[in-house]
Amino acid sequence: MDLKQIEQTLNLLKSYGAKHFRYSDDEMELELDLPASQSTYTNDEVNVNTTQSQNNEIVANQSSEQNEAYTEVRSQMIGTFYLQDEKELTKPVIKVGDKINKGDIIGYVEAMKVMNEVKSDEAGEIVEILVDHGENVEHNQIILRLK
């Protein structure tokens, strides 16, 4: 997506009154948040927005530093993620706090009516499961974090 396409997308979003837009592909990720009203801002509003964005950057930097201590397990394919080999959740394969080894099954991705095992690339303790049972996943999407 080049600059001209971004400008066209922004103008289209404004014309429809959309407030949020997200686009990602292998090369880039773009997320746009538009203000609720497109009127001109006073100096106070600009200062508040600048301060809030600086605070958001600080929080984002802190959370990225915290995430660096964790290893991530990612999906290797597109499909629907399940915490067990059935669509009804009764006994999930993993839960937060479980210790897993490299090669352990952490869930299943259904693609083209076939349940494919998702195995851990790393050993560790599960800190966070980022994908819910029955949720669609993309290629290379983070499924869980290990400590």
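Phe21 has Leu32 in β2 as its bridge partner. Strand β1 (residues 20-24) and β2 run antiparallel and are joined by five bridges; helices (H or I, at least four residues) and strands (E, at least two) are DSSP runs, numbered from the N terminus. Two strands count as paired if DSSP finds at least two bridges between them. Four residues lie between β1 and β2, which form a hairpin.

In a regular strand, side chains alternate between the two faces of the sheet. Strand β2 (residues 29-33) has Leu30 and Leu32 on its covered face, and Glu29, Glu31 and Asp33 on the uncovered one.

## Basis of the model

The model is predicted: local features need pLDDT of at least 70 and side-chain atom pairs count only at pLDDT 80 or more, while totals for chains, interfaces and linings use all residues. Residues are numbered from 1 along each chain as its sequence is written, and side-chain values use heavy atoms, with hydrogens and water left out.

## Helix α1

Helix α1 (residues 3-16) has 14 residues and, at 1.5 Å a residue, should span 20 Å; the end C-alpha atoms are 20 Å apart, which agrees. The expected span is 1.5 Å times one less than the number of residues.

Four bridges link β3 with strand β10 (residues 142-146) in the antiparallel sense, and Glu72 stands opposite Arg145 in β10.

The order β7-β6-β4-β9 describes another open sheet of four strands, paired antiparallel. Here the edge strands are β7 (114-119) and β9 (135-137), each pairing on one side only. From one strand to the next the twist averages 40 degrees, with axes fitted to C-alpha atoms and angles running from 0 to 180 degrees between N-to-C directions. Strand β6 (residues 105-111) pairs with β7 over six bridges in the antiparallel sense; Gly107 has Val118 in β7 as its bridge partner.

## Largest pocket

The largest pocket has a volume of about 450 Å³. A pocket is an open set of points on a 1 Å grid where a 1.4 Å probe fits, with protein on both sides within 12 Å along at least five of seven lines; lining residues have an atom within 4 Å of a point.

The lining includes Arg22, Asp25, Glu29, Arg74 and His139. By class, the lining residues divide into six charged, four polar and one nonpolar.

Conventions. Points joined across faces, edges and corners; volume = space filled by probe spheres on them. Nonpolar A, V, L, I, M, F, W, Y, C, P; charged D, E, K, R; others polar. Buried < 20%, exposed > 50% of the residue type's maximum accessible area, 1.4 Å probe, protein only.
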